[in-house]
Amino acid sequence: MSDNGWSADRIDTESAHSARIYDYILGGKDYYPADKEAGIAMSREWPALPIHMRANRDFMNRAVRYLAEEAGIRQFLDIGTGIPTSPNLHEIAQAVAPDSRVVYVDNDPIVLTLSQGLLASTPEGRTAYVEADMCEPATILRAPELRETLDLTQPVALTVIAIVHFVLDKDDAYGIVNRLLEPLPSGSYLAMSIGTADFAPDEVARVAREYAARDMPMRLRTEAEAERFFDGLELVEPGLTQVHKWRPDATATEDIKDEDIAMYGAVARKP
């Protein structure tokens, strides 16, 4: 379990949490028994779940590296950050460009208590943390931490990784993403990974039932539904694809099967 000395008053240790389940499955240490139990149950239903989660993390790394190295982006707004796992987004971006600036957004008290790992910026760059719910874009966009860190007259990369499958239709995931993109200038980018059951419908449905049984209902999306997030944007090659197929590099150590991945990913430019 965690040895970080969390203050327990805001943390529900009896119920599983999606970020802590993710941490457990990826071999982290910031989880509780309920998260471990959930992770074991979900992996039993779909043994490829750890492969899927690692592939999503690797997609984030490649997308951020592309944005910093090839697209020249120096500002990042990361929604639904989750428990810090090195390399964090700012570490990837600042390894390319030390002056990169990153704002992390999450509403999980555990992420807040561990946020020092997200704030270890290079001297040339800057990082900040905003405690806010992604379902409240206006709160995020007017947060002083964001306004003091990012210059919204210059391009920003909005990263929304492995989170919208927890946003149900009633909360309008498309509207949330559009409202976050709206104030960003031309030349900004959107990088997303989006949960789907297109490739392993039975297995992923069983995992989704395990999440729902723990009060974490999911909205998995088809390819066409995933593409809607990028309406009006210019998709970067290879477009929308399973995350392990988006610009794979030499760091891949697994021969990944399509049916082992339940996430679409893409990066797109705002014209």
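**Helix α2 and its neighbours**

Hi everyone, let's start with a pair of helices: α2 and α9 are roughly antiparallel to each other, because their axes cross at roughly 160° and anything over 145 degrees counts as roughly antiparallel. Please keep in mind that this is a predicted model.

Staying with that pair, the axes come within 8 Å, and the crossing is right-handed. Which residues meet there? From α2 we have Ala41, Met42 and Glu45, and on the α9 side they meet Glu203, Arg206, Val207, Glu210 and Tyr211.

Now for α2 itself. This helix runs over residues 33-45, so to speak in plain numbers, 13 residues. From the first C-alpha to the last, α2 reaches 19 Å, close to the 18 Å expected at 1.5 Å a residue. Its buried residues are Ala34, Asp35, Ala38, Gly39, Ala41, Met42 and Ser43. And what do the buried residues of α2 pack against? The answer is α1 (18-25), α3 (49-69) and α9 (201-213). Notice that Ala41 and Met42 are buried and also take part in the meeting with α9.

Let's move to α3, and to one residue in that helix, His52. Is His52 buried or exposed? His52 counts as buried because its relative accessibility is 8%, and the cut-off for buried is under 20%. Leaving aside neighbours within four places in sequence, His52 is in contact with Trp46, Asp260, Ile261, Ala262 and Met263. With Ala262 there is a detail to look at on the screen: a polar atom of the His52 side chain lies 3.0 Å from the backbone nitrogen of Ala262.

Definitions and conventions
Residues are numbered from 1 along each chain as its sequence is written. This is a predicted model: local features need pLDDT of at least 70, side-chain atom pairs count only at pLDDT 80 or more; totals for chains, interfaces and linings use all residues. Side-chain values use heavy atoms; hydrogens and water are left out. Helices (H or I, at least four residues) and strands (E, at least two) are DSSP runs, numbered from the N terminus. The expected span of a helix is 1.5 Å times one less than its number of residues. Buried means under 20% relative accessible area, exposed over 50%, partly exposed in between (1.4 Å probe, protein chains only). Contact means heavy atoms within 4.5 Å. A polar contact is a pair of N or O atoms within 3.5 Å; within protein, one must be able to donate a hydrogen and the other to accept it, and residues adjacent in sequence count only if both atoms are side-chain atoms. Axes are lines fitted to C-alpha atoms, for helices over the stretch in contact, and angles run from 0 to 180 degrees between N-to-C directions. Angles under 35 degrees count as roughly parallel, over 145 as roughly antiparallel, 65 to 115 as roughly perpendicular and the rest as oblique. A crossing is left-handed if the near helix is turned anticlockwise from the far one by less than a right angle, and right-handed if clockwise.
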